[in-house]
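The sequence and the structure come first.

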Amino acid sequence: MVLGAILKRKLALLGLIIIAVFATAAILAPWLAPYDPTVSPGDFAAPPSATFWLGTDLLGRDFLSRLIHGARATLIIGVVANGIAVAIGTFIGVTAGYLRGRVGSILMRFTDLMMAFPALLLAILLAALLKPSIWIVVMVIAMVSWVQLARVVYAETVSLAEREYVVAVRAIGASTPRILFRHILPHLIPTLIVWGTLGIATTSLFEATLSFLGIGVQPPTPSWGNMVNENQTYFESAPWLVFIPGAAIGLLALSFNLIGDALRDILDPTLRGRH
Amino acid sequence: MAGYLIRRIIQALMTLIGISLITFLILFMLPADPARQVAGRTASAEQVEQVRQQMGLDLPLWQQYGRYLGKLATGDLGRSYEQRTQVSELIAARLPATLWLMLAAIACELIIGLSVGAIAAFRRNTQADRLVMFGAFAFVSTPQFLLGYTLLYVFAFWLGWFPIGGYGSFSHVVLPALTLGLLGGGWYARMMRSSVIEVLRQDFVRTARAKGLSRARIIFVHIVPNAILPIIAMIGIDIGIFMSGIVVVESVFGWPGIGQLTWQAIQKVDFPIIMGVTLVSACAIVLGNLLADLAAPLIDPRIRLK
């Protein structure tokens, strides 16, 4: 039903197609890429040609192959980091919202505190501290990306926990895990789906920014962010080396944003008619 | 009103203390031994031990935290590993450039975001509205360095209208401010649009129309000021997002501000600088939120009652 509704919206459908293309490239990278992304078969910064469709980068590596392989790191980090962030945010939001009291207020004060930190700087600090590998980058991004979701989930859990049906099941003597998993979490699913989708746009941009600054994915492993970093010194003569991976990141983020926005319209009936 | 003021200020102070606690704990995770850093590579084990005692690094944790807080309170952010100068001096030297860029960028994003958002709201569900909202979405999804390099390439390198990076005259600030302004403007446009639509539903708008007021008067006196109110609070929160953008944009445009200082510190793994910038911007965010909260009741008297 939800998928059908997405397919009816042109922009969301476009987003879905773009993501499908990128995901296919990421999964089939070793078979799709014409060259090994880490060896240098050509001249440096050669313009696009029949042998190298997108030209070569500053180290003479085939740019198309790097772009296809770069989809892997970018997508894996975006999706996994966001998944962890959603899990942390949900856990903290539900716990604080259901328990309230001292535990709840400590958790929410901590959340407020995290909101006051500039996320990128905190991530820079952690990434510089922890010697980046792909999984460290994932953890760092997850650690700074759960905050807003935790606030949203908290607010929803508080209002759900006060509903009469929850009071009723509690009165019957249902256990806390049963109330949480049967009666509260299912109602949070639409919110989690929407935020989970929009969140991938944010975490992918985050990866790109960290890699662009040189503390994300480390070369020679390509990611779209570090490809921009590697090639920016030459951007006046070979602008495509900066613009193509940059545009790929932008398209990816836009696609997830478009789908998330469509999902919000579809799943949240309270918003209907407001737009 | 006084109660509200005091409550908000106490809250802000608590947040600052929390921030100092977290950065203090991060200091402990640092791979480098601070006593060794100060004593130098050639120092003997005893000398390092002596420095450790002088610096109070052998004290219990809570006492060290007390000393750390005391230092922060006097503006001491430690010394840069690389440049051997006080971090606070380095930041202070770079602050004017960053403030200048920030001010220009905030002006840009408000002018772009608020006007575009309002226009979309007045023409909602038309082709123009959909186009504008798609554009806003596209800018929100654009990596900062991509927009920065695009503007740089088109307007500086290709057309030659603006200098290719650097700092100085007014024309230097246009492209970096526009980069931050367009990206943030997309965000404000979406908020402004829903805010105006919300106000359009209010009874007082219908009354104003029924009274036969001119369209311009309804829009500029009754709708826009009310729609901007909820957005003022966002500017405070926005400072945090801005600090992230500034690191990238300053490195793209070679703007000699705090962002570039951070970028250089990242390349040299100069922790005290990264730490200092994090602390200073966290304080700026807390202060920005506090100011926004304090300004809100002055602009909207209804908030005073809460």
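Both Arg206(B) and Asp203(B) are exposed. The model is a predicted one, and these two side chains meet in a salt bridge with an N to O distance of 3.2 Å. Arg206(B) and Asp203(B) are three residues apart in helix α9 of chain B (residues 203–210), so about one helical turn separates them. Elsewhere, salt bridges that share partners join Arg109(A), Asp112(A) and Arg151(A) into one network.

**Salt bridges**

Over all chains, the count of salt bridges comes to nine. Three of these pairs are set out below.

| Pair | N to O distance |
|---|---|
| Arg206(B) and Asp203(B) | 3.2 Å |
| Arg66(A) and Glu230(A) | 3.3 Å |
| Arg9(A) and Asp265(A) | 3.5 Å |

Arg9(A) and Asp265(A) form a salt bridge whose closest N and O atoms are 3.5 Å apart. Arg9(A) is in the loop between α1 (2–8) and α2 (10–27) of chain A, while Asp265(A) is in helix α12 of chain A, so the pair ties together parts that are 256 residues apart in sequence.

**Aromatic pairs and a charge over a ring**

The count of aromatic pairs over all chains comes to 11. One of them is formed by Phe212(A) and Phe145(B), which are stacked, with 4.5 Å from centre to centre and 15° between the planes. Phe212(A) lies in helix α10 of chain A (residues 176–212) and Phe145(B) in helix α7 of chain B (residues 144–158), so this pair joins two chains. Phe212(A) and Phe145(B) are both buried.

Is the pair of Phe235(A) and Tyr149(B) stacked or tilted? The ring centres are 4.5 Å apart and the planes stand at 50°, so the pair is tilted. Phe235(A) belongs to the loop between α11 (224–231) and α12 (240–267) of chain A, and Tyr149(B) to helix α7 of chain B, so this pair too joins two chains. Phe235(A) is buried, as is Tyr149(B). Ring pairs connect these two residues with others in a cluster made of Phe235(A), Phe243(A), Tyr149(B), Tyr153(B) and Phe157(B).

In chain B, a charged side chain also sits over a ring: Arg190(B) lies over the face of Phe137(B), 4.0 Å from the ring centre.

**Nonpolar surface patch**

Six residues, namely Leu5(B), Ile6(B), Ile9(B), Ile10(B), Leu13(B) and Met14(B), form a nonpolar patch on the surface. Together they have about 550 Å² of accessible area. Leu5(B) is placed in helix α1 of chain B (residues 2–29), and it counts as partly exposed because its relative accessibility is 30%.

**Cysteines**

How many disulfides are there over all chains? The count comes to zero. Among the cysteines, Cys108(B) counts as buried because its relative accessibility is 18%, whereas Cys283(B) counts as partly exposed because its relative accessibility is 34%.

**Layout of chain A**

Chain A has 12 helices and zero strands. Its C-alpha atoms fill a box of roughly 75 × 45 × 30 Å, taken along the principal axes. Of the 275 residues in chain A, 54% are buried.

Phe206(A) is found in helix α10 of chain A. With 12% relative accessibility, Phe206(A) counts as buried. Its C-alpha atom is separated by 17 Å from that of Gly89(A), which is 117 residues away along the chain.

Methods. Residues numbered from 1 in each chain as written. Chains lettered and ligands numbered in written order. Predicted model: local features only at pLDDT ≥ 70, side-chain atom pairs only at ≥ 80, totals over all residues. Heavy atoms only, no water. Phe/Tyr/Trp six-rings, centres within 6.5 Å; stacked < 30°, edge-to-face > 60°. Helix = DSSP H or I, 4+ residues; strand = E, 2+ residues; numbered from the N terminus. Buried < 20%, exposed > 50% of the residue type's maximum accessible area, 1.4 Å probe, protein only. Lys NZ or Arg CZ within 6 Å of the ring centre and 35° of its normal. Patch = residues over 30% accessible without salt bridge, like charges linked within 9 Å, V, L, I, M, F, W, Y side chains within 5 Å. Areas by Shrake-Rupley, 256 points an atom, 1.4 Å probe, with all protein chains shown as cover. Salt bridge = Lys/Arg side-chain N within 4 Å of Asp/Glu carboxyl O. Disulfide = S-S within 2.5 Å.
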